[in-house]
Amino acid sequence: MIQSYQKILEMESVVSLKLEQDRKSLDKIRKILYQEKNFIIDRLIIYLKRELDIDYYKYKIVDIDSNVVDIIVKKDSKIFNENIEGKEFLNFNAEELIDRRMFDNKDEIIITDLNFDNDLLNLGYLCDSLSYNFLSYSDTIKDKLSTFVNYVINKSIYKK
């Protein structure tokens, strides 16, 4: 066999193996960030009830931009009752619900996911929203959500 060709084949083999290892590592990371939606949201609702004595329930909405949004809603939420309940879709972008310039939403509605898989929850979306400059959530809600997400991610990282 031609030596240069054999060397290229060996290099290709090494790179292919590295790519496969990197793909597996990336899959593991994605499994941490994308978790079973109903399970995690149910646990979040239980956690918020225990920590804050607030009852939340799951809800899915579609906004004017065709975004499909998973939210949890505080029982007897004024924002929900006035702007969401009974409507086929919102006549505004759903992310305005958590923008303090648009709504005084301290703890009434929490967006848990936006335009993601029906079965998987993108924890990255929740983390990113918690760092939004105009986030309307109270400091207590931000703290509880951060603690919860941190726990879920850490538990998955260190899971054996």
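Which way does α4 pass α5, in a left-handed or a right-handed crossing? That was my starting point today. I was looking at a predicted model, so I kept that in mind throughout.

**Entry 1: the α4/α5 pair**

I found that the crossing of α4 past α5 is left-handed. Two packed helices get described by the angle between their axes and by the distance between those axes, so I looked up both. Helix α4 covers residues 123-130 and helix α5 covers residues 139-157. Their packing angle is about 145°, and the axes are 11 Å apart.

Next I wanted to know which residues meet there. From α4 I listed L123, L126, C127 and L130. On the α5 side, I wrote down K142, L145, S146, V149, V152 and I153.

**Entry 2: how covered is α4?**

How many of the residues in α4 are buried? I got six of eight, so I noted the helix as mostly covered. The buried ones are L123, G124, Y125, L126, S129 and L130.

What does the covering? I found that α5 is one part of it, and the cover also includes helices α1 and α2. Strands turn up too, among them β1 (34-36), β4 (109-114) and β5 (120-122).

**Entry 3: K37**

I moved on to K37, which sits in helix α2, residues 37-52. Is K37 buried or exposed? It has 2% relative accessibility, and buried means under 20%, so K37 counts as buried.

I then checked what K37 touches, skipping neighbours within four places in sequence. My list has K60, D70, D113, F116, D117, N118, D119, L120 and L121.

Last stop: the surface. I found a nonpolar patch of about 460 Å², made by M1, I2, Y5 and L9.

I looked up M1 first. It belongs to the segment before α1. With a relative accessible area of 69%, M1 is exposed, because the cut-off for that is over 50%. Leaving out neighbours within four places in sequence, M1 is in contact with Q6 and L9. I also checked M1 against L17, 16 residues along the chain, and their C-alpha atoms are separated by 23 Å.

Then I turned to L9, which is found in helix α1, residues 3-33.

Conventions
Residues numbered from 1 in each chain as written. Predicted model: local features only at pLDDT ≥ 70, side-chain atom pairs only at ≥ 80, totals over all residues. Heavy atoms only, no water. Patch = residues over 30% accessible without salt bridge, like charges linked within 9 Å, V, L, I, M, F, W, Y side chains within 5 Å. Areas by Shrake-Rupley, 256 points an atom, 1.4 Å probe, with all protein chains shown as cover. Salt bridge = Lys/Arg side-chain N within 4 Å of Asp/Glu carboxyl O. Helix = DSSP H or I, 4+ residues; strand = E, 2+ residues; numbered from the N terminus. Axes fitted to C-alpha atoms, helices over the stretch in contact; angles between N-to-C directions. Left-handed = near helix turned anticlockwise from the far one by under 90°. Contact = heavy atoms within 4.5 Å. Buried < 20%, exposed > 50% of the residue type's maximum accessible area, 1.4 Å probe, protein only.
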